[in-house]
Amino acid sequence: MEHKIHQGRNVKRFREMLGIKQEVLAFDLGEDWNQKKISLLEQKEVIDHSLLQQISKVLKIPVEAIESFDEEQAINLISNSVSFENCQHPSFFNYQPNFNPIDKVIELYERMLQQQKEMIEKLERLIEEKK
């Protein structure tokens with residue numbers, strides 16, 4: 001049975017990992033967006049590629065992350081790698097990514113931190129403008 005990637009759920013996961021509320025994502029996507037539209041978007045299994053590009057630009061993550069992140073595979077990979085030393089044939093052994101997953105996680109966390117700093121600065125500017 002082929003497991004399908006749920007792109008909307010992935011948008012939600014990355015948005016939440018970055019600490020971004022739906023309202024903020026809607027604001028960053030433009031006038032046509034609001035919290036309700038983001039909520040509906042996050043329920044879609046497949047999202048138009050041009051919209052995914054916009055979202056990835058706002059979240060500062062690669063489009064490929066949204067298109068291909070599979071929580072189940074990530075959990076399996078992590079759980080199998082924990083006992084790597086005790087297992088001669090780990091189930092992920094034949095999986096050879098062309099990138100180092102740990103580097104990608106570190107890169108994502110660095111982007112998340114930068115995104116949070118930028119969000120704080122943006123909120124501080126908005127507060128100052130309202131005064």
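## Helix α2 and its buried face

In helix α2, which spans residues 22-29, the residues Q22, L25, A26 and L29 are buried (buried means under 20% relative accessible area, with a 1.4 Å probe and protein chains only). Seen down the axis of α2, these buried residues fall within an arc of 100°, so they line one face of the helix, the arc being that of the directions from the helix axis to the C-beta atoms. An α-helix has 3.6 residues a turn, so residues three or four places apart point the same way.

The cover over the buried residues of α2 includes α1 (7-17), α3 (35-41) and α4 (49-59), where contact means heavy atoms within 4.5 Å. After α2 comes G30, with a positive phi near 125°. Helices here are DSSP runs (H or I, at least four residues), numbered from the N terminus.

## Basis of the model

This is a predicted model, in which local features need pLDDT of at least 70 and side-chain atom pairs count only at pLDDT 80 or more, whereas totals for chains, interfaces and linings use all residues. Residues are numbered from 1 along each chain as its sequence is written, and side-chain values use heavy atoms, with hydrogens and water left out.

## Helix α4

In α4, the buried residues are L51, L52, I55, S56, V58 and L59. Around the axis they cover an arc of only 160°, which puts them on the same side of α4. K60 follows α4 and has a positive phi, near 60°.

## Packing of α1 with α4

The axes of α1 and α4 lie 11 Å apart, and the two helices pack at an angle of about 10°; axes are lines fitted to C-alpha atoms, for helices over the stretch in contact, and angles run from 0 to 180 degrees between N-to-C directions. The two helices α1 and α4 are therefore roughly parallel to each other (angles under 35 degrees).

From α1, Q7, V11, F14 and R15 meet L52, I55 and L59 of α4. The residues of this contact divide into five nonpolar, one polar and one charged, where Asp, Glu, Lys and Arg count as charged, Ala, Val, Leu, Ile, Met, Phe, Trp, Tyr, Cys and Pro as nonpolar, and the others, Gly among them, as polar.

## Packing of α2 with α4

The axes of α2 and α4 cross at roughly 115° and come within 10 Å, which makes α2 roughly perpendicular to α4 (65 to 115 degrees). The contact is made by L25, D28 and L29 of α2 together with Q54, I55, V58 and L59 of α4, and its residues divide into five nonpolar, one polar and one charged.

Technical notes
Buried means under 20% relative accessible area, exposed over 50%, partly exposed in between (1.4 Å probe, protein chains only). Angles under 35 degrees count as roughly parallel, over 145 as roughly antiparallel, 65 to 115 as roughly perpendicular and the rest as oblique.
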